[in-house]
Amino acid sequence: MKVIGITGGVGAGKSEVLNYLARKHGAVICQADIVARNLEKKGTICYRQIVEHFGTDILQENGRIDRGRLAEVVFGNADELQILNGIVHPAVKKRIIRLIREEEKKGKELFILEAALLLEDHYDEICDETWYIYTEDGVRKKRLKLSRGYSDEKIEAIFRSQKSRDEFLNKCDRAVDNSRNFDDTCVQLESIIDKLDLNS
């Protein structure tokens with residue numbers, strides 16, 4: 001089974017790529033953010049540790065963690081962000097490694113791991129390859145305005161907080177340009193898939 005790590009800036013169209021790989025190639029899709037959300041559910045070890053440190057102000061009325069409130073607490077506060085990451089990230093990685101083993105036992109050929117912090121959290125160490133999905137900034141801005149209603153200011157702040165294209169290109173094994181129509185992206189993906197030896 002091949003384990004492929006996929007990353008890229010917000011608005012690059014990674015979800016579209018994941019959906020295509022699942023539909024066309026039967027890939028198992030694992031998104032680190034969804035794994036993290038599940039590990040932060042009420043009653044889990046991560047939940048208890050987060051509430052112990054950050055207090056009950058980050059909780060909704062039903063007791064669930066309000067990710068928006070938690071994000072506000074850690075945004076711009078490097079120390080608090082480091083504490084949160086120290087609680088969540090090791091647990092997420094441990095769970096993902098377990099999922100990879102489980103899917104390999106089932107005989108799956110392709111496991112796709114999508115993570116915004118794929119490189120920062122060193123997920124490349126457990127991947128056979130890392131792919132960078134990128135889109136021209138103008139296209140990304142348009143997508144984020146339409147799909148999420150983000151303002152220009154918010155989009156610029158997000159762009160500044162993420163790695164530059166050169167950093168991604170230097171550290172990833174392959175790059176997929178998702179700036180044009182998706183048919184063009186599919187051609188690139190198929191060319192890459194053809195080069196993978198899924199049985200090794």
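**Helix packing and nonpolar cores**

Setting aside neighbours within four places in sequence, Val92 is in contact (heavy atoms within 4.5 Å) with Ala32, Val35, Ala36, Leu39 and Tyr123. This is a predicted model, in which local features need pLDDT of at least 70 and side-chain atom pairs count only at pLDDT 80 or more, while totals for chains, interfaces and linings use all residues. Residues are numbered from 1 along each chain as its sequence is written, and side-chain values use heavy atoms, with hydrogens and water left out.

**Cores**

- A nonpolar core is a set of buried Ala, Val, Leu, Ile, Met, Phe, Trp, Tyr and Cys residues joined through side-chain atoms within 4.5 Å; buried means under 20% relative accessible area with a 1.4 Å probe, protein chains only.
- The largest nonpolar core has 30 residues, and Ile50, Val92, Ile96, Phe111 and Leu113 touch the most other members.
- Two or more residues each come from β2, α2, α3 (45-54), α4, α5 and β3, where helices (H or I, at least four residues) and strands (E, at least two) are DSSP runs numbered from the N terminus.
- Helix α5 gives the most to this core, with 7 residues.

**Helix α2**

- In α2 (residues 32-39), the buried residues are Ala32, Val35 and Ala36.
- These buried residues fall within an arc of 100 degrees (directions from the helix axis to the C-beta atoms), so they line one face of α2.
- Their cover includes β2 (28-31), α5 and β3 (110-114).

**Helices α4 and α5**

- Leu70, Val73 and Val74 in α4 meet Glu80, Leu81 and Leu84 in α5.

Terms used
Buried < 20%, exposed > 50% of the residue type's maximum accessible area, 1.4 Å probe, protein only.
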